[in-house]
Structure formats: C-alpha cells, structure tokens
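Subject: Structure handover

Hello,

Here is the structure for your files. My notes come after it.

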Amino acid sequence: MHVLLADDHALTRRALRTILQQVSDVHQVTEVGDGQRALEILALEQPELVLLDIQMQHVNGLVTAKEILTDQPQQRIIFMSGHLNGEP
C-alpha cells in the first residue's frame with residue numbers, strides 16, 4: 001500500500017513514517033507538509049490511503065479532504081489531530 005502522509009510538523013511525519021514502514025502491507029510512504037502539496041502529490045502518485053492532519057498551514061486537512069473527495073470520491077482518508085497542553 002502506498003500512503004500519503006500530510007502533516008505540517010516534520011517530527012510527527014518522521015515518527016509516523018517509522019511506524020508505517022514497519023507495517024508489512026505498506027510499501028511506500030510519501031510525506032508532505034501542507035494540504036496544497038498533498039493535492040499535487042495525490043494527482044501524480046495516487047496513493048491508496050491518505051493520512052491528513054486536520055490543522056495544517058496554508059490549506060488545512062478538512063479543505064484538502066473536501067477537494068480530494070470531489071475529484072476522487074473513493075479515496076480512503078484518515079484524519080489526524082494532536083494538541084499540546086495549552087494549545088487551542
């Protein structure tokens with residue numbers, strides 16, 4: 001499975017990539033830092049699964065998902081979200 005991982009925090013992407021690479025069904029992980037780049041990569045590489053951070057710089061995960069599903073309603077998407085204490 002090819003997974004597209006979209007999160008604006010490099011450390012989070014690195015950690016998730018490490019975990020995903022240990023899953024036997026995952027053969028490729030593509031990382032991007034924002035929703036716009038995710039849309040660009042999606043058009044080129046057509047991954048089977050997209051992991052989207054909800055709050056990203058430039059284009060957030062919800063807007064990105066809406067655009068993805070408009071063009072590719074069958075696309076599988078998992079949303080991610082994380083906050084540190086004190087963050088809104």
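This is a predicted model: local features need pLDDT of at least 70, side-chain atom pairs count only at pLDDT 80 or more; totals for chains, interfaces and linings use all residues.

Residues are numbered from 1 along each chain as its sequence is written, and side-chain values use heavy atoms, with hydrogens and water left out.

The largest nonpolar core has 12 residues, among them Leu4, Val32, Leu52 and Met56. (A nonpolar core is a set of buried Ala, Val, Leu, Ile, Met, Phe, Trp, Tyr and Cys residues joined through side-chain atoms within 4.5 Å; buried means under 20% relative accessible area, exposed over 50%, partly exposed in between, with a 1.4 Å probe and protein chains only.) Two or more residues each come from β1 (2-6), α2 (35-45), β3 (49-53) and α3 (61-71). Helices (H or I, at least four residues) and strands (E, at least two) are DSSP runs, numbered from the N terminus. The most is given by α2, with 4 residues. Apart from this core lies another, of 8 residues, including Val3 and Leu49.

In α3, the buried residues are Gly61, Thr64, Ala65 and Ile68. They lie on the same side of α3 because they cover an arc of only 100° around the axis, the arc being that of the directions from the helix axis to the C-beta atoms. Lys66 and Thr70, on the other side of α3, are exposed. The buried residues of α3 pack against α2, β3 and β4 (76-80), where contact means heavy atoms within 4.5 Å.

Regards
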